[in-house]
Every structure is written in C-alpha cells, then in structure tokens.
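Trainee: Could you give me a close look at one part of this structure, and then follow its side-chain contacts through the rest of the chain?

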Amino acid sequence: MREPVSSPFTSFLAQHFDQINDYLATFFDGQATSADIERYLYAPLSAFTANAGKRHRPLICMLAATAVGGSFESARSAAAAIEHFQSGALIHDDIADNGQIRRGKPCMHLTEAPVLPSTAVTWRSPWSPRRFSTTPHSTQT
C-alpha cells in the first residue's frame, strides 16, 4: 500500500478539516421545531454529515475565496452549500443505485424509512435559502 502524499494542499486540508466539520454540524443543531422533525430529518442528516468524507469541496471553495482576495470566513456559507449539495447527491445516488454502504456505514435509505432520504435530498437543495444563511443557528424556514 502506498503512503499518502504529503503536500501543502494536503496539509491545508488536514489543518481545516475539523473547522469545516464543526461549521457543517451547526446546520442541524437546535433547528428542529418538533420531535418528529428532529428524529426523521435532522438526526439522519446530522449523522450523515458527521460521517465525513474528505471535505475537499468546501475547503477548496474557502481556499479559492482567499486566492481572489476574499476571506476564509466569508466563504463558509457557500462552502457549506457545496458540501450539503454533495451529500444530497450521494444520498440520491445511493437510492438510485440501491447502494448498500456509504463511507463504511449502511446507506440512509436502508436505515431510515424509504421516504426520508428523498426528503433529505430536497432539504439539502442548493436553491434553498437556508443554504446561504450566514446564521445557521437561527430557525429559518
């Protein structure tokens, strides 16, 4: 087995991985308006998000912002939108392909009621106004 390649980019990804994960988690914490919404929407999405991939997309977005004179922090909401869209695409792909395992765990459509993964995909839509919020802790609808 080959050793992972070390480069300034991989170091950057490792340095900021926890930061973006923590930010992504804020989109689910304290957002539910009822126990059912928590159980059937936010909890599955939170678990899917916590079982992180490499997070290249949001981190590249944030790095690109700094490359053109923006700030790392100002790109967080766009970076989160990109990652949430990707997660929704993965959930949808698992449904379409009848996937069994995603990131070492059973796919959401196998662990939740059949309608829930498609609800999760819709909620993660990049066109949702919630995706571009700069205040993920608020209870926007």
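Mentor: Ile60 lies in helix α3, which covers residues 56–67; helices here are DSSP runs of H or I with at least four residues, and strands are E runs of at least two, numbered from the N terminus. The model is a predicted one, in which local features need pLDDT of at least 70 and side-chain atom pairs pLDDT 80 or more, while totals for chains, interfaces and linings use all residues. Residues are numbered from 1 along each chain as its sequence is written, and side-chain values use heavy atoms, leaving out hydrogens and water.

With a relative accessible area of 42%, Ile60 is partly exposed, a class between buried (under 20%) and exposed (over 50%), computed with a 1.4 Å probe and protein chains only. Together with Phe9 and Leu63, Ile60 makes a nonpolar surface patch of about 230 Å². Such patches take residues with over 30% relative accessible area and no salt bridge, joining nonpolar side chains within 5 Å and like charges within 9 Å. Cys61, by contrast, counts as buried because its relative accessibility is 18%.

Arg55 belongs to the loop between α2 and α3. Its side chain meets that of Glu83 in a salt bridge at 2.7 Å, N to O; the term requires a side-chain nitrogen of Lys or Arg within 4 Å of a carboxyl oxygen of Asp or Glu. This pair links distant parts of the chain, since Arg55 sits in that loop and Glu83 in helix α4 (residues 76–96), 28 residues apart. Arg55 is buried at 3% relative accessibility, and Glu83 is buried at 4%.

The whole structure holds five salt bridges. Among them, Arg39 and Glu112 meet at 2.8 Å, N to O. Arg39 lies in helix α2 and Glu112 in the loop between α5 (108–111) and α6 (115–123), 73 residues apart. Arg39 is partly exposed at 40%, whereas Glu112 is buried at 17%. Salt bridges also link Asp93, Asp94 and Arg102 in a network, and both Arg102 and Asp94 are buried.

Three aromatic pairs are found as well, meaning rings of Phe, Tyr or Trp (its six-membered ring) with centres within 6.5 Å, called stacked under 30 degrees between planes, edge-to-face over 60 and tilted for the rest. Tyr23 and Phe27 are edge-to-face, because their planes stand at 90° with centres 5.3 Å apart. Tyr23 is buried at 6%, and Phe27 at 1%. Phe28 and Tyr42 are also edge-to-face, at 6.4 Å and 65°, and both are buried.

Technical notes
Areas by Shrake-Rupley, 256 points an atom, 1.4 Å probe, with all protein chains shown as cover.
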